[in-house]
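Subject: the model and what turned up in it

Hi,

Have it open while you read.

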Amino acid sequence: MKIAVSGIGIVSCLGIGMEANRAAISRQESGIVPKSRFLSAPSAFPVGEVPFCNADLALRAGLGERCLYSRTALLGILAVQEALADSGEGKDLRTGLVSGTSVGGMDRTEVFYADYLSDPAHGRLRDVAMHDCAASTLAIARHCGIEGYTTTISTACSSAANAILAAARLIRCGIADRVVAGGTDVLSLFTLGGFGSLMILDKKPCRPFDADRAGLNLGEGAGYIVLQREDTLQKEPYAYFAGGENANDAYHQTASSATGEGCYKAMHDTLRKAGVAASQIDYVNAHGTGTLNNDLSESRALCRLFGDKVPPFSSTKGFTGHTLAAAGGIEAVFSVEALRRGVIYPNLNFFRPMEETGLVPVTESREAPLRYVLSNSLGFGGNCTALLFSKN
Amino acid sequence: METLVRELKEHLIRELNLEDITPEDIDSKAPLFGDEGLGLDSIDALEIILILEKNYGIKLQNSAEAKPVFYSVETLAEYIAKNRR
Amino acid sequence: MCYIEAVATHLNLTHDIKEVVPDATLRRRMSRIVKMATAAAFECTGGVQGIAALDAIVTATGLGCLTDSERFLEQIHRTGGQMLNPTPFIQSTFNTVGAQIALLAKNRCYNMTYVHRSRSFESALTDAMLQLKEGDARRVLAGAFDENTPTQHHIMERMGFWRKAEDGEGAVFTLLTAEATANSMARVSRVEFLSSPLSEQQCRERYATCSDGQVWRSLDKTVYPCRSALRFAEAVEEVRKGVPEIVVYNEYFGKEPTVIVLQCL
């Protein structure tokens with residue numbers, strides 16, 4: 001059974017919708033700004049923040065501006081609306097939703113919690129009503145009219161990639177005809193504080209794969225693709241889902257192994273199962289967060305898999321920041337766009353290769369006929385996922 | 001110095017939640033990290049950076065530059081004695 | 001369809017946590033729920049060798065590792081986001097338990113975490129069954145856990161949840177196989193999400209395949225997101241003892257109904 005990608009939807013700091021994102025990337029313009037405008041407390045680190053307040057987002061999503069949905073749900077709704085509209089009506093199709101998120105409604109919970117801690121009788125309950133991860137998924141399904149199999153995945157920064165794996169399985173096993181899959185996550189004091197406490201936030205724009213990289217920039221956004229059984233397509237698809245595997249690094253709760261065991265296994269098993277040779281991969285959209293640990297580990301995994309013929313690769317996090325649970329969705333959208341338009345999105349802020357591997361990413365937008373694109377997503381808990389998309 | 005070493009061990013036990021370990025069990029000269037000695041890891045290094053900052057007013061930028069300082073309780077104590085505010 | 005080889009819950013743990021997690025560095029960071037869930041996984045698989053033999057680890061939680069989430073939020077509030085201890089942040093991640101299980105045996109297999117409120121366990125069960133069906137895995141560990149904290153209890157009390165229900169917590173793991181083995185206890189024939197609630201009679205009409213089976217609806221007042229996993233474990237035990245079929249119907253405060261059908265071998 002062939003599974004096609006029939007729609008894409010994206011919200012990032014570059015803008016709402018694929019057109020806005022494509023335009024910014026083609027101008028090599030990053031969406032990362034020195035300071036957040038909407039967080040409930042100041043942060044010293046640059047962020048990739050979606051440049052609209054919740055009320056604006058709600059209006060754009062066709063909800064009232066006083067809508068009480070969490071920002072996570074609002075970003076998700078906007079991206080899923082775009083992806084579904086792009087995919088076509090699909091009235092007779094059983095459409096499902098698999099959504100990844102790591103913060104859920106945390107942006108609102110932390111507002112609640114500040115009041116609650118001062119007095120347990122305080123804090124507006126509506127601020128904490130969407131705390132759990134499922135709340136954003138259920139709001140998306142409800143607002144976008146998705147009535148088929150719906151669930152939520154949270155495996156930190158690989159959540160959306162895993163949602164895509166799960167979606168493909170639901171289609172293969174006949175539980176759904178098409179599934180919207182990806183993830184949504186928002187900036188929060190919780191994650192900014194968390195990555196800050198790990199000392200892996202860069203005070204400057206992040207420099208993935210650069211020798212002098214000094215950490216990541218947090219971002220927010222949502223990215224979803226529509227996977228669909230080929231015989232139900234109503235339009236020419238953008239690309240095909242050719243495979244994907246999840247593997248665990250089983251090395252440390254947060255750090256990646258020096259040899260990139262999990263990342264290597266995920267990529268290796270994906271190619272083996274799909275029957276695609278390493279030499280057939282035309283582009284890798286790397287996880288490339290910009291931390292010392294991740295980029296070295298991932299580089300080593302790439303070198304192990306591809307030997308001295310590492311294909312063109314880039315991390316797009318210099319444009320979007322690291323959007324955590326949404327990253328795998330946003331990067332799946334970019335991977336599908338790469339196949340659709342035959343263009344490789346560049347890696348910003350790269351100056352000098354790291355000594356350990358000497359790998360040099362693609363630094364300028366480049367047109368190329370692409371057949372196979374691999375996308376990596378690596379998360380806490382050693383959670384590693386590779387997705388493979390193909391032109392035909 | 002002895003008081004500082006003792007105090008530091010108590011901080012380590014509390015902040016790193018070292019169960020079943022008393023200050024006497026910690027060899028001041030033994031390596032803190034790796035398989036010998038206490039067997040601490042990168043997350044513990046971050047917690048130790050916080051111990052230095054909160055208790056002794058010492059700011060270290062990252063765990064890489066702290067490597068020789070973080071070798072043992074003794075090296076840590078010496079560094080604190082020199083740099084504390 | 002898949003076969004149940006073992007079930008363990010927080011109520012029948014026999015190993016000390018130091019035996020389950022001999023690595024003191026791993027253990028000392030674990031909160032109560034992470035220890036409880038990891039111990040249940042260990043119990044279910046029979047230990048490190050059992051974990052090493054798994055082809056997939058699928059966990060589920062409605063609210064995740066709440067104690068660590070609350071600790072980190074409280075720190076942020078107290079310090080204004082400065083000088084935060086990283087440990088509660090790291091441990092608050094929803095896939096912490098799945099990751100710890102993998103670390104125990106350095107098992108690099110598929111590792112997934114579902115967080116879909118009261119349908120988390122059923123989502124994990126579905127994932128496990130589909131993997132067994134597709135032949136990607138032969139032995140899958142699926143489990144669910146949820147933690148009760150004073151803060152969560154109080155907030156939900158303010159929301160009015162405990163007028164008719166009582167709070168709870170727990171951890172349940174089950175070892176599933178594609179083929180029946182000498183150790184199989186029962187089989188799972190269906191796992192479904194329902195679009196609207198069903199009465200006991202409707203459950204029977206729609207799901208029962210034999211006249212002497214049972215239909216279980218929520219029998220007591222205890223409610224928490226992964227509560228259905230404990231009902232599942234109890235039903236497996238009854239089927240093993242001889243009940244030919246149990247339709248386990250679950251709701252969460254009257255919403256999000258699900259059905260799991262268990263049959264004897």
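Ala167(A) touches Val98(A), Val179(A), Ala181(A) and Leu227(A), leaving aside residues up to four places away in sequence; contact here means heavy atoms within 4.5 Å. This alanine lies in helix α6 of chain A, residues 159-172. Helices are DSSP runs of H or I with at least four residues, strands are runs of E with at least two, and both are numbered from the N terminus. Ala167(A) is buried, at a relative accessible area of 0%. For that word the cut-offs are: buried under 20% relative accessible area, exposed over 50%, partly exposed in between, with a 1.4 Å probe and protein chains only. Asp177(A) is 10 residues from Ala167(A) along the chain, and their C-alpha atoms are separated by 9.9 Å.

Before I go on, some ground rules. This is a predicted model, so local features need pLDDT of at least 70 and side-chain atom pairs count only at pLDDT 80 or more, while totals for chains, interfaces and linings use all residues. Residues are numbered from 1 along each chain as its sequence is written, chains are lettered from A and ligands numbered from 1 in the order in which they are written, and side-chain values use heavy atoms, with hydrogens and water left out.

Now for chain A as a whole. It has 11 helices and 15 strands. Its radius of gyration is 19 Å, close to the 21 Å that the globule rule gives for 392 residues, so chain A is as compact as a globular protein of that length. (The radius is taken over C-alpha atoms, and the rule is 2.2 Å times the number of residues to the power 0.38.) Along the principal axes, the C-alpha atoms of chain A fill a box of roughly 60 × 50 × 40 Å. Of the 392 residues, 67% count as buried. Take the contacts in chain A with a separation of 6 or more: residues 24 or more positions apart account for 77% of them.

Another spot in chain A to look at is Ser256(A), in the loop between β9 (239-248) and α8 (261-274). Ser256(A) is buried, with a relative accessible area of 18%. Not counting residues up to four places away in sequence, Ser256(A) touches Asp249(A), Tyr251(A), Asn293(A) and Ser297(A).

Chain B has 3 helices and 0 strands, and from the N terminus its elements run α-α-α. The radius of gyration of chain B is 12 Å, close to the 12 Å that the globule rule gives for 85 residues, so chain B is as compact as a globular protein of that length. Its C-alpha atoms fill a box of roughly 30 × 25 × 20 Å, taken along the principal axes. Of the 85 residues of chain B, 46% count as buried.

On to the interfaces. How many residues of chain A are in contact with chain C? There are 61 of them, and they meet 51 residues of chain C. Chain A and chain C bury about 4800 Å² between them, 63% of it on carbon and sulfur atoms. Arg169(A), Phe190(A) and Gln253(A) supply 15% of the area that chain A buries against chain C, more than any other three residues. Buried area is the accessible area (1.4 Å probe) that two parts lose on being put together, summed over both.

Between chain C and chain B, 11 residues of chain C are in contact with 16 residues of chain B. The area buried there is about 1200 Å², and carbon and sulfur atoms give 44% of it. On the chain C side, Arg28(C), Arg29(C) and Met83(C) lose the most area to chain B, together 52% of what that side buries.

Met83(C) is also worth a look for its backbone. Most residues other than glycine have a negative phi. Met83(C) has a positive phi of about 50° although it is not a glycine. Met83(C) is found in the loop between α5 (66-79) and α6 (86-91) of chain C, and at 34% relative accessibility it counts as partly exposed. Met199(A) has a positive phi too, of about 55°. Met199(A) is found in the loop between α7 (189-197) and β7 (218-219) of chain A and, at 31% relative accessibility, counts as partly exposed.

Cheers
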